[in-house]
Amino acid sequence: MNMKDIIGKKRYGGTLTEEEIKFFVDGVTDKSIPDYQASALLMAIVLNGMNKEEMTCLTMAMAHSGTILDLSFADDITVDKHSTGGVGDKVTILLLPLLATFGIKTVKLSGRGLGFTGGTVDKFGSIEGFRYEIPASEFPYYLKKCGMVISGPSPNLAPADKILYALRDVTGTVDSIPLIASSIMSKKLAGGADVIVLDVTCGSGAYMKTFDRAHELAQAMIDIGNGAGKKTVAVITDMDQPLGGSCGNTLEMQEVLRTFAGKGNTDVVEVVCRIAAECIKAAGKANGLSGDDLLYACATRLTDGSALSKFAELIASQGGDLKDKVNPVFKDLPFEAMRVTAPCDGYVYSIKTDAIGNAANHLGAGRKTVNDQIDYGAGIKFYAKRGDRVRKGDVLCSLCHGTKAELADEVLFDVMEEVLAAYEIREEAPEEVPVVMEVLS
Ligand code: URA
């Protein structure tokens, strides 16, 4: 078998065999296949696609390029939830403690921020003392302690994906449903959970800009998950505006605390409860509840203190500092440095969410290079969202930096321009879009 023939076969629209796909992934992992040949095959896949069987073979080969976690020590069904990314997405942070109140155990491997999207481990990183680099060998200890563990990505989990992702990033081959689906699902399968629940975001703040593309990706990942024998559910959610009331690390953690106290934004509560309900049903822990009753039970436990006490257990379990037993101690607090106001009367018609994510990063909430320091207090608080009626001069949002950080006026003014350009205000109101657009299983 040789790479030239495999590239040629895909270039002319052929279907690759399991052996050919495995040859490619093994060669990428042990570096016997040079980058230029790997990139050529990636481009052929972008142009000619892959069928279900090829996608499943590619995913399995990438998952098996490193360690597959064995979560049998949990002695119970385990659930993994994954989001395809967004701005203001604090769903995982609320979901894990909520699921714990239903007796569901979670081992969550989360990434740092990527591009305009925020990363869950960076949000936990805003808490003084919180350790998120947990070796896999310690997962049983943490799971026994509080039924949840959250960790940054493990280097030996689907290493082929890491190599291929880096190549895709520089060869214009990221945007391909078979490649995105296999990249995400290889890490999920290597993560070892019994149930996989996917939050497939859709809109200007997501990889998938349209509903049809999000649907196609969701279906591809479900096919792969089912093909690998895992119960897999996907929820398509709106990311055509930032989720909730803020983006930025400490800001989002503060919003999480407000949500546990019953003062959260309704879009966040709806997404969390709908995803929780899918996880609970798939894990067989619904105790006879279904439909609205199950959603009601989720919304109740989210805000009656039950989920908050599980959240505090998680923080304490991983070394995070708490005051009054439930409130995290933050490394830095947000300081509202500038308010961005509406330039005219009208309705907030749309918000370019990727531009908002980039603006938050320019304030210091994200990294430009992997080694950059984050300003945990940096981010944006939203006062007006899509569909809100505003008058000229009303505050749309505020730009924050950390109390320990300095931010030059030029940077603030540049970010203000960036944010203003992201808000579109029109005389007519936009159509309402549900935040949970579809559930596929
Ligand atoms: N997230 C991933 O893990 N992989 C992709 O290809 C895109 C988003």
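Visitor: What should I know before I start?

Guide: It's a predicted model, where local features need pLDDT of at least 70 and side-chain atom pairs count only at pLDDT 80 or more, while totals for chains, interfaces and linings use all residues. Residues are numbered from 1 along each chain as its sequence is written, and side-chain values use heavy atoms, with hydrogens and water left out.

Visitor: How many aromatic pairs does a search of the whole structure find?

Guide: Rings of Phe, Tyr and Trp (its six-membered ring) pair if their centres lie within 6.5 Å; planes under 30 degrees apart count as stacked, over 60 as edge-to-face and the rest as tilted. Here the search turns up three pairs. One of them is Phe124 with Phe130, stacked at 5.0 Å centre to centre with 25° between the planes.

Visitor: Are Phe124 and Phe130 buried or exposed?

Guide: Buried means under 20% relative accessible area, exposed over 50%, partly exposed in between (1.4 Å probe, protein chains only). Phe124 has 1% relative accessibility, so it counts as buried; Phe130, at 7%, is buried too.

Visitor: Why is the pair of Phe260 and Phe311 called tilted?

Guide: Because their planes sit at 50°, with the ring centres 5.3 Å apart. Helices (H or I, at least four residues) are DSSP runs, numbered from the N terminus. This pair links distant parts of the chain: Phe260 is in helix α11 (residues 249–260) and Phe311 in helix α14 (residues 306–317), 51 residues apart. Phe260 is buried at 2%, and Phe311 is buried at 0%.

Visitor: Which ring does Arg11 lie over?

Guide: A charge sits over a ring if NZ of Lys or CZ of Arg is within 6 Å of the ring centre and within 35 degrees of the ring normal. Arg11 lies over the face of Tyr12, 4.4 Å from the ring centre. Likewise, Arg339 lies over Tyr383, at 5.5 Å.

Visitor: Which residues are around the ligand?

Guide: A residue is near a molecule if one of its heavy atoms lies within 4 Å of it. That gives Tyr165, Arg168, Ile180, Ser183, Ile184, Lys187 and Tyr207. Helix α9 (177–190) and helix α8 (159–171) each supply at least two of the shell residues, and α9 has the largest share, four residues.

Visitor: Which polar side-chain atoms lie by the ligand's oxygen and nitrogen atoms?

Guide: One from Arg168 lies 2.9 Å from a ligand oxygen, and one from Lys187 lies 2.5 Å from a ligand oxygen. Ser183 has one 2.7 Å from a ligand nitrogen.

How values were computed:
Polar contact = N/O pair within 3.5 Å; in protein donor to acceptor, adjacent residues only side chain to side chain.
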